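Please read this briefing alongside the sequence and the 3D view.

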Amino acid sequence: MKIGVLALQGDFAEHIVMLRSLGVETVEVRLPEHLNGLDGLIIPGGESTTIGKLAAAYNLMEPLQTFGQRHAIWGTCAGAIFLSKDVSRDQPLLSLMDIKVERNAFGRQLDSFEADLDIPELKQATGTEAPYHAIFIRAPIIESVSGGARVLSTVPDGRIVAAQQGHLLATSFHPELTNDTRFHEYFLSLVD
Amino acid sequence: MEQQTGTFAVKKGLAQMLKGGVIMDVVNAEQAKIAEEAGACAVMALERVPADIRADGGVARMSDPDMILKIMDAVTIPVMAKCRIGHFVEAQILEAIGIDYIDESEVLTPADEANHILKHNFKVPFVCGCRNLGEALRRVGEGAAMIRTKGEAGTGDVVEAVRHARTVLGDIRRLTTMADEELMSYAKELGAPYELIKETKELGRMPVVNFAAGGVATPADAALMMQLGVDGVFVGSGIFKSGDPAKRAAAIVKAVTHYQDATILAEVSKNLGEPMVGRNVSQMPEGEKIAGRGW
């Protein structure tokens with residue numbers, strides 16, 4: 001299995017370390033030709049405006065959209081924003097997932113937080129019971145899901161922080177900043 | 001559900017989100033928007049860029065909070081601001097206005113010539129400058145969640161940035177080849193906390209994100225720092241003291257992403273207009289250098 005990590009900007013190296021610890025071959029994706037031969041792709045955390053502008057500048061938008069029709073893609077934080085179809089402002093989006101996202105929805109950096117989440121699918125898929133300890137950095141929320149997208153997890157006030165649409169996955173938080181590999185394992189289970 | 005804010009993981013985490021990016025000095029909302037539009041991953045809000053601080057002389061202090069707030073309102077990317085070394089009240093003020101990161105910076109006039117701020121006391125994360133691994137790990141020991149090599153700010157001369165990055169990364173390379181019983185002695189030699197020396201050896205890298213700063217003026221300078229092994233770059237005077245800031249800013253962003261691709265580096269280096277004039281550090285009187293500030 002060969003998984004690409006979009007390496008335009010952000011914490012792509014952290015995702016690569018996580019994937020390698022699971023024995024997965026990884027590729028840094030900066031140009032369209034780097035998508036050839038990949039089985040799945042992770043879009044890391046970072047600044048969504050920066051990632052979007054660089055993707056547009058190097059003609060990655062259409063190849064990424066085509067890739068996502070058939071292959072698993074997971075976006076964490078900025079990556080989730082990039083996968084969405086609406087962020088209520090003008091910036092490049094892949095519009096692959098039927099989710100509407102609000103950027104920096106919890107506030108600024110002083111409001112960044114850690115919390116335990118209950119994610120039934122994750123427990124079931126990995127056969128584990130422990131709650132998932134999630135790290136949110138100036139995090140977005142998924143305001144609403146529609147079409148084929150469904151909610152995977154919420155914070156206690158009901159705001160959506162993880163969603164899935166077939167082989168596409170979006171999380172507001174950063175599994176790559178933890179030592180818990182379960183979310184990466186869950187993503188790999190979506191890869192054909 | 002217990003939500004914990006201000007933890008070291010979230011402080012360090014924001015720096016991890018900035019990796020592979022360019023943090024640009026801006027002096028007003030208009031420049032901040034140009035930086036965001038060019039693809040900056042964060043901006044540093046300050047009243048005068050380092051080149052002007054040098055030219056003006058006098059005491060350089062924290063910027064007016066109102067000016068910083070206007071920049072925070074103007075962009076969606078993280079906003080950083082500088083306080084003086086050891087001036088923990090300036091840091092308290094910056095935290096109170098909700099800044100995303102504080103740079104305890106040698107570019108401003110130091111407020112304490114013996115001590116830095118105890119950064120563990122704050123919920124807001126700090127970035128600090130360094131010239132070698134010992135200085136970097138002393139700052140991490142005080143609670144810095146991000147490090148940048150100092151270079152010589154406001155000169156447009158990359159030589160000091162290279163010197164400091166090579167020193168820090170060389171110190172780490174030496175550390176990774178050492179036997180465990182040699183670490184205490186190395187900690188003593190560097191003046192670094194022993195536990196952090198051990199952690200750095202185990203990780204094979206700095207325990208927090210490490211950017212380059214001080215003298216980066218061109219896309220080639222930025223890519224040079226990336227190839228040397230830093231995680232991203234700060235560009236201070238180099239953008240808005242140049243002939244075409246928007247174009248140069250976008251080119252430096254692209255150069256940091258494609259730092260290993262000389263064809264792309266050649267493309268983005270074309271027709272950028274006048275770079276900042278710059279000052280040759282080797283011909284600068286010792287008293288004018290600021291990298292030595294920090295203890």
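The accessible surface of chain B comes to about 11,200 Å², and carbon and sulfur atoms hold 49% of that area; such areas come from the Shrake-Rupley method with a 1.4 Å probe, and for residues only the protein chains shown count as cover. This is a predicted model, in which local features need pLDDT of at least 70 and side-chain atom pairs count only at pLDDT 80 or more, while totals for chains, interfaces and linings use all residues. Residues are numbered from 1 along each chain as its sequence is written, chains are lettered from A and ligands numbered from 1 in the order in which they are written, and side-chain values use heavy atoms, with hydrogens and water left out.

**Chain B**

- Chain B contains 13 helices and nine strands, where helices (H or I, at least four residues) and strands (E, at least two) are DSSP runs numbered from the N terminus.
- Among contacts in chain B between residues at least 6 apart in sequence, 66% join residues at least 24 apart, a contact being heavy atoms within 4.5 Å.

**Chain A**

- Chain A has six helices and eleven strands, and its radius of gyration of 15 Å is close to the 16 Å that the globule rule gives for 192 residues, so chain A is as compact as a globular protein of that length.
- Along its principal axes, the C-alpha trace of chain A spans about 40 × 40 × 30 Å, and buried residues make up 61% of the 192 residues.
- Chain A exposes about 6,800 Å², of which carbon and sulfur atoms supply 46%.

**Nonpolar cores**

- The largest nonpolar core has 93 residues, and those with the most contacts inside it include A:Leu6, A:Phe82, B:Met24 and B:Met225; such a core is a set of buried Ala, Val, Leu, Ile, Met, Phe, Trp, Tyr and Cys residues joined through side-chain atoms within 4.5 Å.
- The largest share of this core, six residues, comes from helix H12 (residues 245-257) of chain B.
- Apart from this core lies another of 34 residues, among them A:Ala72, A:Ala115, A:Leu152 and A:Ala162.

**Helix H1 of chain A**

- The buried residues of helix H1 (residues 12-21) of chain A include A:Phe12, A:Ile16 and A:Leu19.
- These buried residues pack against several elements of chain A, including strand S1 (2-6) and helix H6 (182-190), together with helix H1 (8-18) of chain B.
- Just after H1(A), A:Gly23 takes a positive phi of about 80°.

- Most residues other than glycine have a negative phi.
- A:Cys77 is not a glycine, yet has a positive phi of about 60°; A:Cys77 lies in the loop between S4 and helix H4 (78-83) of chain A and counts as buried at 5% relative accessibility.
- A:Ser95, also not a glycine, has a positive phi of about 55°; A:Ser95 sits in the loop between H4 and strand S5 (99-102) of chain A and counts as partly exposed at 38% relative accessibility.

Notes. Buried < 20%, exposed > 50% of the residue type's maximum accessible area, 1.4 Å probe, protein only. Rg over C-alpha atoms; globule rule 2.2 N^0.38 Å.
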